[in-house]
Amino acid sequence: MKQLVVNNASLALAFMLVLVAMIISTKEKLHLAKDIIYSIIRAIIQLTIIGYVLKYIFQLNNAWLTILMCLLIVVNASWNAYKRNPNARHHFRDYLETFLALFISTFVTLGLIILSGSLKLVPSQIIPITGMIAGNSMVAVGLCYRALNSQFRDQRQQILEKLALGAPIKTASLPILRESIKTAMQPTIDQAKTVGLVNLPGMMSGLIFAGVDPVRAIRYQILITFMLLSTTSLGAIIAGYQAYRHYFNDQQQLNETN
Amino acid sequence: MAILTLKNVSYTVDQQQIIPDLNLTVAANDFLTITGPSGCGKSTLLKLIASLATPTSGEIIFAGKNQLDYERPLYRQQVSYCFQQPTLFDQTVRDNLQLPFEIRQQDFDQARVTNYLELVALPANFIDKKITDLSGGERQRVALIRNLIFPPKILLLDEVTAGLDSRSKEIVQDLIRQLTQDKITLIQVTHDSDELKTAANIIHMKQGGIIDETISR
């Protein structure tokens, strides 16, 4: 395997790339400089910590610790997806619903990959893949929440009229729900269409960097593509079908605050 | 016999009282007309009756039972609300007239739909027309069929003739007159002077949702 060389000096030089973004932000008065610095510092700290944590977990190779780490990833991804829901009522139940969507989509997908024999039950494979699955599910669930919210706002009159005709809330919301799930899945589908043509995704690039034959690397990328389609569809469907109900009150009326 | 009774109904939104302590009884097969200045709570009153909003206090009794005791979609199928300037769904007239069948999990009945289209002076082939090609009057007529294709016990009409061309207005008014003979209780909100002249039972509301005057001819 070829040796990867990213030492501290080259990292410091690469920091110039951040300066480019900051110069643009200042010149164009985007007011993003503070945000860029904050995100960079956060990323460096998070990645440094996770680097050492992962090194420790990989060395220990303990099943319970691996499960705990995967759960932590899902808990964190759920929290971030939950925060992206403009209609979240700050109830623990809402967080639990998001957690359920992330938990099921992540672990069903992971379980199927393990059953297919493509992954070994070792922390160095399970944990990064869990992160990849949960991260994509998180984005899809967040997109689904935002699409639901904007459509419930834009199509309020249509829903009211359907309710007035005697439609149950599910029938009244179905077109919005379908559209939101589609919106959530669209980036993954678009990515699947352009993979290899426009971008060489992280997993494949990583393997090629590490010296793996590109023909072998693509097999993993195909696996990832399958995996992401599964997790985003599962996550968006579970989250969407739970979230739409919160736009209505107990009397099956549209909430005033939408 | 009363089909609808409102007992001390009040409705408050954001600490602003829109309907204060309103009492109203509507007899079965009655045709009640509600009028009053804009913003006095007429449409809100219809929405409360249609169960699209819940009274802050008081109760609404429909056919001897509290509104809250009904399965909500079933209640709204019996107490149907037709909006002023209704929104049509999806692409075609068919999509709109299919919805009442879907809601009741019944097969689409072409013959029945054709009958209703004729009732509002629209040809049978109108069913495949795109909703974007419809005039305001045609939209309102299609919307009315949506409410009537499974006749409700009470039909709530919220200024349905407002802004219509004279022909559409005449057609809708003819339909309303016919409905009064079909054992449908009608409650309409209107500002139209012709409709007010011919109305038998009129409630005048004033600002603050108060019933100012009741006229029975």
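Tutor: Let's start at Gln67(B), which touches Leu48(B), Ile49(B), Ser51(B), Pro55(B), Ile60(B), Arg72(B) and Tyr75(B), leaving out residues up to four places away in sequence. Contact here means heavy atoms within 4.5 Å. This is a predicted model, so local features need pLDDT of at least 70 and side-chain atom pairs count only at pLDDT 80 or more, while totals for chains, interfaces and linings use all residues. As for bookkeeping, residues are numbered from 1 along each chain as its sequence is written, chains are lettered from A and ligands numbered from 1 in the order in which they are written, and side-chain values use heavy atoms, with hydrogens and water left out.

Gln67(B) sits in the loop between strand E5 (65-66) and helix H2 (72-78) of chain B; helices (H or I, at least four residues) and strands (E, at least two) are DSSP runs, numbered from the N terminus. With a relative accessible area of 2%, Gln67(B) counts as buried (buried is under 20%, exposed over 50%, partly exposed in between, using a 1.4 Å probe and protein chains only). Thr56(B) is 11 residues away from Gln67(B) in sequence and 14 Å away in space, C-alpha to C-alpha.

Ser51(B) lies in the loop between helix H1 (42-49) and strand E4 (57-62) of chain B, and is buried because its relative accessible area is 0%. Its phi is near 65 degrees, a positive value in a residue other than glycine. For context, most residues other than glycine have a negative phi. Asn8(B) also has a positive phi, near 45 degrees, but Asn8(B) lies in strand E1 (residues 2-13) of chain B and is partly exposed at 39% relative accessibility.

Now over to chain A. Its domain assignment gives domain 1 (1-60) and domain 2 (63-247), with bounds from an automatic or database assignment. Their centres, taken over C-alpha atoms, are 26 Å apart, and the contact takes 10 residues from domain 1 and eight residues from domain 2.

The largest pocket draws at least three lining residues from each of these domains. A pocket, on a 1 Å grid over the protein atoms alone, is an open set of points where a 1.4 Å probe fits, with protein on both sides within 12 Å along at least five of seven lines; lining residues have an atom within 4 Å of a point. About 690 Å³ of space lies in it, where grid points are joined across faces, edges and corners, and the volume is the space filled by probe spheres set on the points. Of its 20 lining residues, Gln46(A), Ile50(A), Met69(A), Ile73(A) and Asn76(A) lie nearest the centre. Helix H3 (33-60), helix H4 (63-83) and helix H6 (123-154) of chain A each give two or more residues to that lining, and H4(A) gives the most, with eight.

Finally, H4(A) itself: its 21 residues should span 30 Å at 1.5 Å a residue, which agrees with its end C-alpha atoms being 30 Å apart (the expected span is 1.5 Å times one less than the number of residues). Its buried residues include Met69(A) and Ile73(A), and H3, helix H5 (92-116) and H6 of chain A are among what covers the buried residues of H4(A).
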